[in-house]
Amino acid sequence: MSIGPQLGGGFKLLVDSVKVLFKEPIFLVPIFFSWILVSATILYVRYYLPEGMIFITIFGFIFLMTMIISLANIVMLEFMEQIETGKKISFSKAIKEAVFLDLLKVIPVALIWAIVWFILLVIRILTSKKKERSSRPEPSMQDAAMALGGDKPFSWWGLGLDLIEKVVRMFIFLSLPAIAWENKGPFSAFKKAFQIVRKHPLQFLTTYTLTGVVALIMGVPLVIIFSLAHGGVSFPPVFWTIVIIYISIIWTLGIYLEQMSVGLLYLWHLKWVKNGSKGDLSSVKKPDLLDDIRELKV
């Protein structure tokens, strides 16, 4: 088994994700709207949730965020299905499919994701230093930008938790095409995602790594800005507004690249299965959303 083509396959999935974005920027729309809702939820919890209710309701807010992101990704996957069945992209039809056909199936997926996210959050809180557990901050553009940008002291432990969160998130994203394209139930979708990871681990690992590298590169300006702010440099509110806009772009692109990359991996796996499930994934021509071949057309 040649490792080179398999690693290259993961890179090609990322490249194709970028190409699709330039051709069909509408893919970003549902994810951007989900960012608005998710960021509003984060800031509400940070500034306005009653202190005594935090540990009672925090899981509910996490579940709300996982539902919002999952449904936005389902809409994006419906766009992919429309393309691969020879139809024109329709936002209204995609939302209709997501709400009336997929919503109930997405709930258990989002719930399991929320449980894992909540457990990791509790671990992060319990292992954080006391100085990191400060009192509730006053609302400001600077604090909002730093909260939405994930500003926190660096630690190897924290980095490890971040990596676990990412692998769980991408596994969740890999299960969503089974719901959107094959009408599978949530647990069958998880089973299918496990199967794909087991059959094509290098492609999944490469996709996981490369999307992380892209996110790291896009986050470098934030690291510099947050470091300057911690060092005493003062920026006007309008500057922090621009930073928040930049954060929204990073977040939207990050979720898009993760979902599109594993969505294309799922589509590639389906084609591999149709061709007899022989050899490694690279032995089958990679699907392309921009060509005239309709991979999902019956």
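Where is the place of Asp 291? Asp 291 sits in the segment after helix H9 (237-274), and the tour will come back to this residue once the whole chain has been seen. This is a predicted model, in which local features need pLDDT of at least 70 and side-chain atom pairs count only at pLDDT 80 or more, while totals for chains, interfaces and linings use all residues. Residues are numbered from 1 along each chain as its sequence is written, and side-chain values use heavy atoms, with hydrogens and water left out.

**The whole chain**

Begin with the chain in cartoon view, where there are nine helices and zero strands; helices (H or I, at least four residues) and strands (E, at least two) are DSSP runs numbered from the N terminus. The radius of gyration, taken over C-alpha atoms, is 20 Å, close to the 19 Å of the globule rule for 298 residues, so the chain is as compact as a globular protein of that length; that rule is 2.2 Å times the number of residues to the power 0.38. Along the principal axes, the C-alpha atoms fill a box of roughly 60 × 40 × 35 Å. Buried residues make up 46% of the 298 residues, where buried means under 20% relative accessible area, exposed over 50%, and partly exposed in between, with a 1.4 Å probe and protein chains only. If contact is taken as heavy atoms within 4.5 Å, then among contacts between residues at least 6 apart in sequence, 80% join residues at least 24 apart.

**The nonpolar core**

Next, select Phe 27, Trp 181, Trp 240, Tyr 256 and Met 260, which touch the most other members of the largest nonpolar core, a set of 82 residues. H9 gives the most to this core, with 18 residues. A nonpolar core is a set of buried Ala, Val, Leu, Ile, Met, Phe, Trp, Tyr and Cys residues joined through side-chain atoms within 4.5 Å. In soluble globular proteins, nonpolar side chains tend to be buried together.

**Salt bridges**

How many salt bridges does the count come to? The count is nine, with a salt bridge being a side-chain nitrogen of Lys or Arg within 4 Å of a carboxyl oxygen of Asp or Glu. Select Lys 286 and Asp 16, whose side chains meet in a salt bridge at 2.3 Å, N to O. This pair links distant parts of the chain, with Lys 286 in the segment after H9 and Asp 16 in helix H1 (residues 3-23), 270 residues apart. Lys 286 is buried, with a relative accessible area of 18%, and Asp 16 also counts as buried, at 8%.

Move to Arg 124 and Glu 165, which form a salt bridge with their closest N and O atoms 3.1 Å apart. Arg 124 lies in helix H4 (residues 91-127) and Glu 165 in helix H6 (residues 156-182), so the pair ties together parts that are 41 residues apart in sequence. Both of these residues, Arg 124 and Glu 165, are buried. Lys 152 lies in the loop between helix H5 (141-148) and H6, and Asp 162 in helix H6. Lys 152 is partly exposed at 41% relative accessibility, as is Asp 162 at 26%. With Arg 124, Lys 152, Asp 162 and Glu 165 shown together, you have a network linked by salt bridges.

**Back to Asp 291**

Asp 291 is buried yet has no salt bridge, and the nearest side chain of opposite charge, Arg 294, is 5.1 Å away; here Lys and Arg count as positive and Asp and Glu as negative, while His and the chain ends are not counted. The side chain of Asp 291 reaches the backbone nitrogen of Ile 293 at 3.1 Å.

**Two backbone stops and a loop**

Most residues other than glycine have a negative phi. Asn 183, in the loop between H6 and helix H7 (186-199), has a positive phi near 55 degrees. Ser 277, in the segment after H9, likewise has a positive phi, of about 55 degrees, and is partly exposed, with a relative accessible area of 34%.

Finish at Pro 137, in the loop between H4 and H5, which is partly exposed at 24% relative accessibility. Leaving aside neighbours within four places in sequence, Pro 137 is in contact with Arg 46, Tyr 47 and Asp 143.

Definitions and conventions:
A polar contact is a pair of N or O atoms within 3.5 Å; within protein, one must be able to donate a hydrogen and the other to accept it, and residues adjacent in sequence count only if both atoms are side-chain atoms.
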